[in-house]
Amino acid sequence: ITVCNVPGYGTDSVAQTTIALLLELTQHIGDHARAVREGRWSLAPAFSFWEHPLMELEGKTFALVGAGAIGRRVGRIAEAFGLRVVAARVPGSEGGRIPWPRIALEEAWALADVISLHCPLTPATRGIVGASEIARMKPGALLLNTSRGGLVDEEALARALEEGRLGGYAADVLSREPPPADHPLLRAPRCLITPHLSWATFEARRRLLAASVENLRAFLAGQPRNVVS
């Protein structure tokens, strides 16, 4: 059986979602817009009003855990915000040419202000972010995950958020999807979870369908492409 996939159709969309999650953690746009709509700004004693700490990204360190197509795209956008980008060496990955320094994974946990996960879920990467890794992170560090929920020990992460050891976690994925109602991250503070939507822009879905059609045409012509079997 010939098995073909569709690589790259969602690279830009997933990168865009990653940065959107980061900005929501740093600026709390949704919460503040809701506060304005609910009238809390109208009751404020001064012209300016905010309910959460705000973070500027310029000059901070952004660690990519996974520097494939999506990771590289995220890294380039992060640079545009003035972030210093580094790439951690991922277990089981040979790595490729990238424009940023490569550092040991153990170093990344302690060095980064923002850590963004972009590696595949494999036996070598399952639970790559556990209690010991979280303990090495900077107080107030932000963790992003638009890759796979199984990369993270979600129970340990929920405890770290509840204890105030991390600045925030934002993810578009969970280890079980849809999640059970009692999933620990659904109750955790400073935690944003979106419902695995980063791939689902109109443009990405159009590319996915077009490439699937071309895969089928190529197979019928006896010249299959994007073969992974």
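Helices (H or I, at least four residues) and strands (E, at least two) are DSSP runs, numbered from the N terminus. The model is predicted: local features need pLDDT of at least 70, side-chain atom pairs count only at pLDDT 80 or more, and totals for chains, interfaces and linings use all residues. Residues are numbered from 1 along each chain as its sequence is written, and side-chain values use heavy atoms, with hydrogens and water left out.

**Exercise 1. Describe how helix H1 packs against helix H3.**

Step 1. Two packed helices are described by the angle between their axes and the distance between the axes. Axes are lines fitted to C-alpha atoms, for helices over the stretch in contact, and angles run from 0 to 180 degrees between N-to-C directions.

Step 2. Read the values. The axes of H1 (residues 11–27) and H3 (residues 69–80) cross at roughly 50° and come within 9 Å. H1 is therefore oblique to H3. Here is the scale: under 35 degrees is roughly parallel, over 145 roughly antiparallel, 65 to 115 roughly perpendicular, and the rest oblique.

Step 3. H1 and H3 make a right-handed crossing. A crossing is right-handed if the near helix is turned clockwise from the far one by less than a right angle, and left-handed if anticlockwise.

Step 4. Name the residues. H1 supplies Thr11, Asp12, Val14, Ala15, Thr18 and Ile19, and H3 supplies Ala69, Ile70, Arg73, Val74 and Ile77.

Step 5. Sort them. The contact of H1 with H3 has 7 nonpolar, 2 polar and 2 charged residues. Ala, Val, Leu, Ile, Met, Phe, Trp, Tyr, Cys and Pro count as nonpolar, Asp, Glu, Lys and Arg as charged, and the others, Gly among them, as polar.

**Exercise 2. Work out the strand order of the sheet and follow its pairings.**

Step 1. Set the rule. Two strands pair if DSSP finds at least two bridges between them.

Step 2. Write the order. The open sheet has 7 strands, E3-E2-E1-E4-E5-E6-E7, paired in parallel. Its edge strands are E3 (102–103) and E7 (191–193), and each pairs on one side only.

Step 3. Follow E1. Strand E1 (residues 61–65) is joined to E4 by 4 bridges and to E2 by 5. Val65 stands opposite Leu117 in E4, and Ala63 has Val86 in E2 as its bridge partner.

Step 4. Continue across. E4 pairs with E5 (residues 142–145) over 4 bridges, with Val114 opposite Leu142. E6 (residues 168–171) pairs with E7 over 3 bridges, with Tyr169 opposite Cys191.

Step 5. Check the burial of E1. 5 of its 5 residues are buried, so E1 is largely enclosed by the rest of the structure.

Step 6. H3 lies across E1, E2 (84–88) and E4, at about 175° to E1.

**Exercise 3. Describe Gly168.**

Step 1. Gly168 sits in strand E6. At 0% relative accessibility, Gly168 is buried.

Step 2. Beyond its neighbours within four places in sequence, Gly168 contacts Leu25, Ala141, Leu142, Leu143, Leu161 and Arg190.

Methods:
Contact = heavy atoms within 4.5 Å. Buried < 20%, exposed > 50% of the residue type's maximum accessible area, 1.4 Å probe, protein only.
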